[in-house]
Amino acid sequence: MRKVLLIFSELTDGDVDWLSKAGERIALPAGEVLVPLGARLDSIWFVLDGAVTVHTADGKALAQMGSGEIVGEMSLVDPAPTAVSVRVSSDATFLRISDDKVRAKTASDPAFAARFYRALCVFLASRLRSTTRRMGYGTNDEDEHAKDELTDDLLDNVHLAGARFDRMLKRLAG
């Protein structure tokens with residue numbers, strides 16, 4: 001659930017409420033393709049429960065993601081075709097929010113836009129660090145110890161971020 005903590009630690013309770021209301025809850029069975037290779041995405045997906053697997057262009061499983069992970073966030077920054085595919089690996093429920101809704105909200109609410117895009121930057125920076133480590137860079141002892149460390153800012157807000165995600169799950173379930 002760490003990735004949603006990165007996003008929700010930068011947002012307010014009101015921002016998370018807006019995301020819950022703006023999104024659509026969607027259940028997909030295992031085996032369903034959530035993100036086809038080479039697709040142009042038009043939504044961001046929060047994994048509420050279940051799991052998905054990210055696959056490289058040659059079909060190799062790259063990562064397994066579960067509750068609290070986010071898919072499609074790069075489409076909000078760069079609308080290029082996807083370089084990976086994502087398949088539902090166990091029955092899963094998602095919150096899908098269209099890029100159009102997010103863009104309309106950021107255009108009409110500059111404070112939300114600043115928080116949302118900062119959250120997105122923090123999230124993408126974390127993903128880049130993780131990818132860089134997997135490629136064999138930064139493998140000294142200090143980097144190995146630091147890879148699972150949370151920043152001071154995130155630690156200050158991690159309990160709030162977790163509570164926000166829990167509230168979102170309860171709101172969407174009820």
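**Salt bridges, cavity and cores**

Asp17 counts as partly exposed, at 24% relative accessibility (buried means under 20% relative accessible area, exposed over 50%, and partly exposed in between, with a 1.4 Å probe and protein chains only). The structure is a predicted model, in which local features need pLDDT of at least 70 and side-chain atom pairs count only at pLDDT 80 or more, while totals for chains, interfaces and linings use all residues. Residues are numbered from 1 along each chain as its sequence is written, and side-chain values use heavy atoms, with hydrogens and water left out.

Side chains of opposite charge can pair when their charged atoms come close. The model has 8 salt bridges (a side-chain nitrogen of Lys or Arg within 4 Å of a carboxyl oxygen of Asp or Glu). In one of them Asp17 pairs with Arg171, with the closest N and O atoms 2.9 Å apart. Arg171 is in helix H6 and Asp17 in helix H2, 154 residues apart (helices are DSSP runs of H or I with at least four residues, strands runs of E with at least two, numbered from the N terminus). Arg171 is partly exposed, with a relative accessible area of 35%. A salt bridge also joins Arg167 to Asp13, the closest N and O atoms being 2.9 Å apart. Arg167 lies in helix H6 and Asp13 in helix H2, so this pair ties together parts that are 154 residues apart in sequence. Asp13, Arg164 and Arg167 are linked in a network of salt bridges.

The largest cavity is lined by Asp13, Val16, Asp17, Arg164, Arg167 and Arg171, and holds about 30 Å³ of space. On a 1 Å grid over the protein atoms alone, a cavity is a set of points where a 1.4 Å probe fits but cannot get out, and lining residues have an atom within 4 Å of a point. Grid points are joined across faces, edges and corners, and a volume is the space filled by probe spheres set on the points.

The largest nonpolar core contains 26 residues, of which Phe8, Leu11, Phe46, Ile97 and Met168 touch the most other members. Such a core is a set of buried Ala, Val, Leu, Ile, Met, Phe, Trp, Tyr and Cys residues joined through side-chain atoms within 4.5 Å. A second, separate core of 14 residues includes Ile26, Leu34, Met65 and Val88. Leaving aside residues up to four places away in sequence, Phe8 touches Val16, Leu19, Phe46, Ala161, Arg164, Phe165 and Met168 (contact means heavy atoms within 4.5 Å).

Definitions and conventions: On a 1 Å grid over the protein atoms alone, a cavity is a set of points where a 1.4 Å probe fits but cannot get out, and a pocket is an open set with protein on both sides within 12 Å along at least five of seven lines; lining residues have an atom within 4 Å of a point.
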